[in-house]
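Please read the following briefing alongside the sequence and the coordinates. It is arranged by topic, with confidence treated before local geometry.

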Amino acid sequence: MAMAALRREGRRFAPLISPRPITAVRSSPIAPSHEDEGPIGVRYISTQVVRNRMKSVKNIQKITKAMKMVAASKLRAVQSKTENSRGLWQPFTALLGDLPSVDVKKSVVVTISSDKGLCGGINSTSVKISKGIHKLNSGPEKETKYVILGEKAKAQLIRDSKKDIELIITDLQKNPLNYTQVSVLADEILKNVEFDALRIVFNKFQSVVSFVPTVSTILSPEIVEREAESGGKLGDLDNYEVEGGETKGEILQNLAEFQFSCVMFNAVLENACSEQGARMSAMDSSSRNAGDMLDRLTLTYNRTRQASITTELIEIISGASALEG
Amino acid sequence: MLRRAMGLLARPVAAARARSFSTDLPAAQTADSTFVEAWNKVMPNMDPPKTPLSFMQPRPATPSSIPSKLTVNFVLPYASELTTKEVDMVIVPATTGQMGVLPGHVATITELKPGVLSVHKGNETTKYFISSGFVFIHANSFADIIAVEAVPLDQIDANLVQKGLAEFTQKLSSATTDLEKAEAQIGIDVHSALNSALTG
């Protein structure tokens, strides 16, 4: 028994010199308790697992902090463009008003979302609003179709509304956003999709922490004529003289297309801004969480380390006192 | 049930906000009430999305007498060149020719062709060359000019204009499909307008 104690003693000193336990550590990364049974009933408390976790959490914290900085710089770049484009849609709303509750047969919902993830809940909000508008505009003889911009909305909408999707466009932000690109996009949509009313769903950028889901409605020229004749909000559109071109219809057609491309440009920019802002706040809360987790793990690590030292001391002392007495 | 109550509370709050903004203006709406109601019926658990009406700067009503100045908004996709600037007159290049707009002009919607836009205020005139766009003249002497590109005339290089004109004329003569012909024709129109803007 004394020999066993001596052997235990010998083994006991080794971990004090080198921090790594020499016996094979049957470490289970899931289990938070790190007690191990060696071959002769020797007990090691391993701090290796905690240390591994601390290393990976610290890396995650560094990565999310870096992502936040990147998102902040991208936001600064897009924000100035967005604020400059805000004057673009106001004249159209001043002229044609805003009729989201217009009653039409064919509505097309254009959902704008991001291609990359890790940007908080903005894409889910856009998809929920698009589905709400779809429900709002469904009924006998009415149909609603989707045009999707961005991978995230595609992934969500393709699951249950696959047959209602007309067009999917991705990789919008490969080159910096500009009006030419958006007008080509608008042209594609106008060519391939028939509509009475287009409803663009996007997140409007109010501030770095606030993004408001918004829907902009654009009516086709026939519906504009119909609403103007029936009076109501567009009633005084008839008072406007239309100059140039052969017919009034042609001008109204050009107007609708121009309005679509302008409103689309603003919507795409606002959504890009909101995406960067949401990513900033998501990465910020993620790095804060990682910091909290690191603090907790450090406490556990210290407790484990102190417990193992205490255990070793107890065993040494009891071994030594067994030798004497 | 609580959410419906909150929805009901939200509308008077929105109306109160509208009232606090409009000082001498008629009641400007900040939300389309039929839309909000229809939304709350279909999706009671979610707030309705905002519409451009809530972000709109309200416009004054038509005054009874003709105002002395014309208020001009000149916007481009990349910038708002002029926002509610009070001027005496603007001359816009409409498709039917140069059109002068004075305060009290009849309400009009006009399409623009590439040409020179000049803004007259007092004795000074600012000239821009714009690619096409639209101009809306409202009854309350507000003019909204929306163009895709605009450059002040002194930033146009005459040599490049000549080169461009020659290039597009050559493209027109060698064009085969209708699309190419149309594109070349547009190029010629823009460049000859640039040319006459520089000279005239």
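Over which residues of chain B does pLDDT stay under 50? The stretch is residues 12–28 of chain B, for which the model has 8 contacts beyond four places in sequence, a contact meaning heavy atoms within 4.5 Å, and pLDDT being the predictor's confidence in each residue, from 0 to 100. This is a predicted model, in which local features need pLDDT of at least 70 and side-chain atom pairs count only at pLDDT 80 or more, while totals for chains, interfaces and linings use all residues. Residues are numbered from 1 along each chain as its sequence is written, chains are lettered from A and ligands numbered from 1 in the order in which they are written, and side-chain values use heavy atoms, with hydrogens and water left out.

**Confidence**
- Chain B averages a pLDDT of 81, and 85% of its residues score at least 70.
- For the complex, the predictor gives an ipTM of 0.79 and a pTM of 0.81.

**Helix packing in chain A**
- Helix H6 (residues 179–192) of chain A packs against helix H8 (residues 248–324) of chain A at an angle of about 125°, and their axes are 9 Å apart; helices here are DSSP runs of H or I with at least four residues, and strands are E runs of at least two, numbered from the N terminus.
- H6(A) and H8(A) are therefore oblique to each other, since angles under 35 degrees count as roughly parallel, over 145 as roughly antiparallel, 65 to 115 as roughly perpendicular and the rest as oblique.
- Residues of H6(A), including Tyr179(A), Leu185(A) and Ile189(A), meet residues of H8(A), among them Glu257(A), Phe258(A) and Phe265(A).
- The residues of this contact between H6(A) and H8(A) divide into 11 nonpolar, 2 polar and 1 charged (Ala, Val, Leu, Ile, Met, Phe, Trp, Tyr, Cys and Pro count as nonpolar, Asp, Glu, Lys and Arg as charged, and the others, Gly among them, as polar).

**Loop residues with positive phi**
- Glu141(A), in the loop between helix H4 (122–136) and strand E4 (143–149) of chain A, has a phi near 65°, a positive value in a residue other than glycine.
- Glu141(A) counts as exposed at 65% relative accessibility (buried means under 20% relative accessible area, exposed over 50%, partly exposed in between, with a 1.4 Å probe and protein chains only).
- Ser141(B), which is not a glycine either, has a positive phi of about 60°; Ser141(B) lies in the loop between strand E8 (133–137) and strand E9 (142–147) of chain B and is buried, with a relative accessible area of 3%.

**His138(B)**
- His138(B) is found in the loop between E8 and E9 of chain B and counts as buried at 5% relative accessibility.
- Not counting residues up to four places away in sequence, His138(B) touches Ala94(A), Leu95(A) and Tyr240(A) in chain A, together with Arg59(B), His105(B), Ala107(B) and Asp144(B) in chain B.

Conventions:
Axes are lines fitted to C-alpha atoms, for helices over the stretch in contact, and angles run from 0 to 180 degrees between N-to-C directions.
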